[in-house]
Amino acid sequence: MKIENIENIEEKSLLLKVKNKDRQAFINAYDLYVDQLYRFIYFKVGNSEDAKDLTSAVFLRTWTYLLENKIINEKTLTALLYKIARNLIIDHYRKTNQHNNISLDNGISDKNLIDEKQDLIKQSENTFDLIMVETKLLELKDEYREAIVLHFINELSIKEMAEILDKPEGNIRVLIHRALKAIRQLTINN
């Protein structure tokens, strides 16, 4: 059995346990997803404190939905959490009337943005890549920035992104391709 299939089974099993209001499963889900959700939210709002608050709100809203039996059709826990995160980010923008101004000099360390479970060589490569990408992310359209963060920073598959963004997998591939092309173009022009 492929590793991807095993991970998918584990993901569905965790979702089932969470849907059944298993507190320990929810704690495990928090531990599993908190860092990648934080990275995703940070790149959307550009402020460490807001990103922390919104990340907490994602899990609070998820737990509330569980208690109220509002989670019915979700296929994976990843998709559910990211959809809630995206909706909270939209609400955040509406409340604060902010635009996507990411400050690169707000005291956040790369340590908060890189997955510590990766090996040291990959971490150093990611740090360098992250600095280059982070500077260009400011100039990208929001949907391109979102695709880059989900696929390359949080390492989500095309299938997972399709579930999160409610788009066909082919559209996700095109979106990633266009986002990469836009970053390359920005790099060439600067």
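Helices (H or I, at least four residues) and strands (E, at least two) are DSSP runs, numbered from the N terminus. I'm working on a predicted model, where local features need pLDDT of at least 70, side-chain atom pairs count only at pLDDT 80 or more, and totals for chains, interfaces and linings use all residues. Residues are numbered from 1 along each chain as its sequence is written, and side-chain values use heavy atoms, with hydrogens and water left out.

**Entry 1: Glu-146**

I found Glu-146 in helix 6 (residues 142–153). Is Glu-146 buried or exposed? Its relative accessibility is 5%, so I noted Glu-146 as buried (under 20% relative accessible area; exposed is over 50%, partly exposed in between, with a 1.4 Å probe and protein chains only). Leaving out residues up to four places away in sequence, Glu-146 touches Phe-40, Lys-44, Arg-86 and Leu-165 (contact means heavy atoms within 4.5 Å).

**Entry 2: helices 7 and 8**

Leu-165 turned up again in helix 7, among the residues that meet helix 8. On the helix 8 side I listed Glu-169, Ile-172, Arg-173, Leu-175 and Ile-176. The contact residues divide into seven nonpolar, no polar and three charged (Ala, Val, Leu, Ile, Met, Phe, Trp, Tyr, Cys and Pro are nonpolar, Asp, Glu, Lys and Arg charged, and the others, Gly among them, polar).

**Entry 3: helix 3**

I checked the length of helix 3 (residues 48–67): its 20 residues should span 28 Å at 1.5 Å a residue, and its end C-alpha atoms are 29 Å apart, which agrees (expected span is 1.5 Å times one less than the number of residues). Buried residues in helix 3 include Leu-54, Val-58, Phe-59 and Trp-63.
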